[in-house]
Amino acid sequence: MLATGLLIGMTKQDQEYGSFIDHNFLSKHALTAELIRDYQYNKFATGSFGAYGNLRNVNKMIENAAESVRPSYEGLGAFIRAYQLFYLSLDLGDIPYSEASLGESEGIVKPKYDTQKEVMQHVLRDLDLANERFALNIPFDGDPLLNGNPINWMKVVNAFKIKVLINLHVHEADVELKVKEQFAELLNQRILLEKNEENLQLVYSNKGSQIYPFNDLNARSNGYVMLSSNLVDSLKIYRDNRLFYFAEPAVYMTSQGKTKDDFNAYVSIDPSSPFNEITKLYDEKKYTGLNNRYMALNNPAGEPIVRIGYAEQCFNIAEGIERGWAQGDAKAYYEKGVRAAMSFVKANTPAEFVKERPAISDDFIDSYLKSPKASYIGDRATKLNKIFQQKYFIYFLQNPWDGYYENRRTDFPRLPINPNTNMNQVVSQLPKRWTYPQNEYNENSANIKEALQRQYSGKDDNNDLMWLLKK
């Protein structure tokens, strides 16, 4: 029971409309004409320490497990802790890790803040611990995601460790982190994801509280969503048939004789435009909307929401090899990633929603990978940018917030910034982080002030660079 609650709490998104798509407003995959939303114009709220609440039951789960299955629950607990606190650190910087969740057992109610480097070291160690425990191959109960299969969990854990290492690329030469060595060991000695069916993902269904969050039964505002120039124009430049699976053509264009199978029927809007211009285009129906598959009442399962996936793993491996961290065929991994990403979209789109449109077929994927735009050719920078572009495509309505984190890390693709509409304090850029929650100032003031002084010269604002991003 505790395992189920932890896993659902870690993966399930709020049914509320904004909570589901705000991350794509920030990464400029999409925008809305409903009302001015903070993330669409780059205004950050205060961060949250809610992750620690999700971790509260990890120790309880392990303590209450029968001895015969305890190793698997220890592995699961180590993974959940690493996953939750990795992302919390991406939000904020330094956070409590080594002393977190020790209030009940050791009376530590004001935990110290570990440096972000120390946090990442803890994350990597916890992932190694999880891999070791799952390697004992003891099935366990209470797992709605991977059915308690420890071998599948090993693959997920190792795929996530690759992702953590990729996020440390700025510090690849750090002798203590051993980024390159750990990457090579993962690639050469550990089992990894081999197909989309092994993704760590939450699958929706036609049941009361399990309907896809953006289905019209739950999200009455989804009809205001429009696809941005960043997404639409890139797909058009690549002649990528995913556009027809992601989107509906602009009504204005079809009224002028354009058909659903014509790339030119899909128009885009600069997401940094003034809101009155956006609403005008919406009213004139000069925008590309969401494919009806995301909203239709007769498609309540929508598509699974991926947290750790095979396609992204392939792109991460390709990047690591391209950076010289290990021997291997970066091109092969890049192409596997593209195939997996496109296959996922096709598999989760009922045929009725792409009638009379170009299909994602094996032949199409073959020709796509040979096209000048998508083929894995060029110098290292060009190849890396092709990897980053493909990752940008897979984050559409998927991998919540990873589109922002990835763009912050790579600065690709370039996202539009309009100083006249940007609500960030520095109008020439996106915010770089969230600020710490107020409760920490009230309840753990000495430790948070020490952490702020160490990282940001005592300030706590949205635009300072955390250690992870400092070259």
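This is a predicted model: local features need pLDDT of at least 70, side-chain atom pairs count only at pLDDT 80 or more; totals for chains, interfaces and linings use all residues.
Modeller: Residues are numbered from 1 along each chain as its sequence is written, and side-chain values use heavy atoms, with hydrogens and water left out.

Biologist: Thanks! Why is Arg-190 called buried?

Modeller: Buried means under 20% relative accessible area, exposed over 50%, and partly exposed in between (1.4 Å probe, protein chains only). Arg-190 has 17% relative accessibility, so it counts as buried.

Biologist: And what makes the pairing of Arg-190 with Glu-185 a polar contact?

Modeller: The term asks for a pair of N or O atoms within 3.5 Å; within protein, one must be able to donate a hydrogen and the other to accept it, and residues adjacent in sequence count only if both atoms are side-chain atoms. The side chains of Arg-190 and Glu-185 make such a contact at 3.1 Å.

Biologist: Why is Lys-178 called partly exposed?

Modeller: Its relative accessible area is 44%, so Lys-178 is partly exposed.

Biologist: Nice. What is the phi of Lys-178?

Modeller: Phi is near 55 degrees there, a positive value in a residue other than glycine. Most residues other than glycine have a negative phi.

Biologist: Why is Gln-398 called buried?

Modeller: With a relative accessible area of 4%, Gln-398 is therefore buried. Its side chain also joins that of Glu-303 in a polar contact of 2.8 Å.
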